[in-house]
Amino acid sequence: MAADLDKTEIQQRILTFVTWANWLLFAGASVAGLLIATPEMVIGIVCGGLIVTVNFHLLSRTLKKSLAPPCIQSHNIILAKYYLRFTVSGVIIFILIAGHFVHPLGLFIGLSVVVASIMMATVREITKLLFFKEAM
Amino acid sequence: MEAEALKFFIACVTAAGFGIAVAAFGCGIAQGLGLKAAVEGIARNPESSGKVTVTLLIGLAMIESLCIYALVIALILIYAHPQAEAISKLFGK
């Protein structure tokens, strides 16, 4: 029972950390880009970061509405939202790359914001667990 | 020489097509497996939906980002290849 509570706490902590770290990393990468990179690179970082961060929040809302009882949304609405989100992201990335509005490397850095924040959260929790176990 | 240059662009488009196909295939299977396990878990124990949803969200975000990476690489290969200009010049000669 206590182990279950502990796991829930860790998961909730990871989600909160990832949610905040997304915006912080996005802001940090954008500012760093503004200081040291070309305008195309900055636009790439900003657009990529915005795409994945907004995507992450929309995915979170969709999953909470679809899997958390008691008010579960209709499957059709969930599927429509999922495909709409994915299509819009794809079209935006296509326009950005095909129109040469952004530097591909900048876009790649921007798109890595969520992955980086999840990695950071995982490393943080592993470190905490290791230190906690050692202290025990 | 022109034929070689043309072959290069054909190879780029083929690589992009196969790349996004393999990525979509892998990500589709991975998301399906994750979702299957999550729904089974919630069906067995509805009270755990909150916990399962959080873990699923992070997993799906990671898997989805892999597919987006593949899409970006495919689009770069087709529309913004770093060597496209040099090859085009070669093609013009």
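Biologist: How many cavities of 30 Å³ or more does a search of the whole structure find?

Modeller: This is a predicted model, where local features need pLDDT of at least 70, side-chain atom pairs count only at pLDDT 80 or more, and totals for chains, interfaces and linings use all residues. Residues are numbered from 1 along each chain as its sequence is written, chains are lettered from A and ligands numbered from 1 in the order written, and side-chain values use heavy atoms, without hydrogens and water. A cavity is a set of points on a 1 Å grid over the protein atoms alone where a 1.4 Å probe fits but cannot get out; points are joined across faces, edges and corners, and a volume is the space filled by probe spheres set on the points. At 30 Å³ or more, the search finds one cavity.

Biologist: Which helix gives the largest share of the lining of the largest cavity?

Modeller: The largest cavity has a volume of about 80 Å³. Its lining residues (an atom within 4 Å of a point) include Val52(A), Phe56(A), Ala61(B) and Glu64(B). Helices are DSSP runs (H or I, at least four residues), numbered from the N terminus. The largest share, four residues, comes from helix 2 of chain A.

Biologist: Which residue of chain B meets Arg85(A) in a salt bridge?

Modeller: A salt bridge needs a side-chain nitrogen of Lys or Arg within 4 Å of a carboxyl oxygen of Asp or Glu. The count between chain A and chain B is one. At 3.0 Å, N to O, the partner of Arg85(A) is Glu64(B).

Biologist: What area do chain A and chain B bury between them?

Modeller: The contact (heavy atoms within 4.5 Å) takes 33 residues from chain A and 27 residues from chain B. Buried area is the accessible area (1.4 Å probe) that two parts lose on being put together, summed over both. Carbon and sulfur atoms hold 80% of the buried area, which is about 2800 Å².

Biologist: Which helix gives the largest share of the lining of the largest pocket?

Modeller: A pocket is an open set of grid points with protein on both sides within 12 Å along at least five of seven lines. The largest pocket has a volume of about 580 Å³. Its lining has 22 residues, with Leu79(A), Tyr82(A), Gln31(B), Leu35(B) and Leu60(B) nearest its centre. Seven residues, the largest share, come from helix 1 of chain B.

Conventions. Helices (H or I, at least four residues) and strands (E, at least two) are DSSP runs, numbered from the N terminus.
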